[in-house]
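This briefing is meant for a reader who is meeting the structure for the first time. Please keep the sequence and the 3D view at hand while reading the points below.

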Amino acid sequence: MIAPHRPQGRGTPRFVHLHVHSAYSLLAGASRVESLVAHASAQGCHALALTDTNAAYGLPTFQACCDAVELRALHGAEIHDPTRPDERAVVLAQDAAGYRSLCRLLTRRHLDTRFSLVDDLPHEARGLVVLTPSVTLLRSWAEDLPRDALYAELIAHDPDARQRELLAAADAVDRPVVGTHRVFFDTAADHATHRLLLAIGQLKFLRAIR
């Protein structure tokens, strides 16, 4: 999942987006699945992940669009703990077993009032690769998940202090680090829509959203 294969006729990628939100990430994602895939293909990407917030609704369309342009589709979701919003993880399926694990996790997230991300994910981790920016989750899951299934997620534009804390934690538990960008739109023109959606979702004035 972290190192996608090299399709014939394309150069070696320097970066693969592993954390991407579409309009199915309600009140945040500003771009349609079709647009995200088209943009990634036009930039010469080999692979692209779709990781909507607590959702997999866009994956059928995503797979069809990726197949049409010979782009490797990475299926996933960003799952948030319902009671601790800062505890979240990007979950990527490596295979069919991983896709089933992903679907079970999302179902439990929506239907089980006792759902706890830190406790429940290790029980549904077969076939999954997990990226998390949470020091708490990283430390906890290091005891349960294999080294090649758990990564510290270093997100671009996160505060320096948070990044340093995460890097120190990753070193302490011997887990590798993956850099992501947490994409919510694919063109500069969609930034205004993204800000508006955030303002609505957070019940804030637009000027308060950066």
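E70 sits in the loop between α2 and β2, and its phi is positive, about 55°, although E70 is not a glycine. The model in which this is seen is a predicted one.

**Residues with positive phi**

- E70 is exposed, its relative accessible area being 64%.
- L203, which belongs to the segment after α7 (191-202), likewise is not a glycine and has a positive phi of about 55°.
- With a relative accessibility of 79%, L203 counts as exposed.
- D174, which follows α6, has a positive phi as well, near 60°.

- At the start of α3, the backbone nitrogen of A97 has a side-chain oxygen of D95 within 3.2 Å.
- The buried residues of α3 are A97, G98, S101, L102, L105, L106 and R109, and what covers them includes α2 (59-68), β2 (72-80), β3 (88-93), α4 (117-120) and β4.
- H110 is part of α3, which runs over residues 96-111, and with 45% relative accessibility H110 counts as partly exposed.
- Once neighbours within four places in sequence are set aside, H110 is in contact with N54 and Y57, and a polar atom of the H110 side chain lies 2.7 Å from the backbone oxygen of N54.
- From H110 to A125 there is a separation of 15 residues in sequence and, C-alpha to C-alpha, of 17 Å in space.

**Helix α6**

- Helix α6 has 13 residues (160-172) and reaches 18 Å from its first C-alpha to its last, which is close to the 18 Å expected at 1.5 Å a residue.
- Within α6, the residues L166, A169 and A170 are buried; because they cover an arc of only 100° around the axis, they lie on the same side of the helix.
- The other side of α6 carries the exposed residues D160, R164, D171 and A172.
- The packing partners of the buried residues of α6 are β4 (128-132), α5 (135-141), β5 (150-155) and β6 (177-180).

**Nonpolar cores**

- In soluble globular proteins, nonpolar side chains tend to be buried together.
- In this model the largest nonpolar core has 41 residues, and V37, F62, I79, L121 and W141 are those with the most contacts inside it.
- Apart from that core there is another one, of 11 residues, which includes L74, L92, Y151 and V178.
- Neighbours within four places in sequence aside, the contacts of I79 are with N54, E87, R88, A89, V91, L105, L106, R109, F115 and L117.

**Cysteines**

- How many disulfides does the model have? The count comes to zero when a disulfide is taken as a pair of cysteine sulfur atoms within 2.5 Å.
- C66 is in no disulfide, and the nearest cysteine sulfur, which belongs to C65, is 7.0 Å away.
- C103 is in no disulfide either, the nearest cysteine sulfur being that of C66, 17 Å away.
- Is each of these two cysteines buried or partly exposed? C66 counts as buried, at 0% relative accessibility, whereas C103 is partly exposed, with a relative accessible area of 27%.

Technical notes:
Residues are numbered from 1 along each chain as its sequence is written. This is a predicted model: local features need pLDDT of at least 70, side-chain atom pairs count only at pLDDT 80 or more; totals for chains, interfaces and linings use all residues. Side-chain values use heavy atoms; hydrogens and water are left out. Buried means under 20% relative accessible area, exposed over 50%, partly exposed in between (1.4 Å probe, protein chains only). Helices (H or I, at least four residues) and strands (E, at least two) are DSSP runs, numbered from the N terminus. Contact means heavy atoms within 4.5 Å. A polar contact is a pair of N or O atoms within 3.5 Å; within protein, one must be able to donate a hydrogen and the other to accept it, and residues adjacent in sequence count only if both atoms are side-chain atoms. A nonpolar core is a set of buried Ala, Val, Leu, Ile, Met, Phe, Trp, Tyr and Cys residues joined through side-chain atoms within 4.5 Å. The expected span of a helix is 1.5 Å times one less than its number of residues. The arc is that of the directions from the helix axis to the C-beta atoms.
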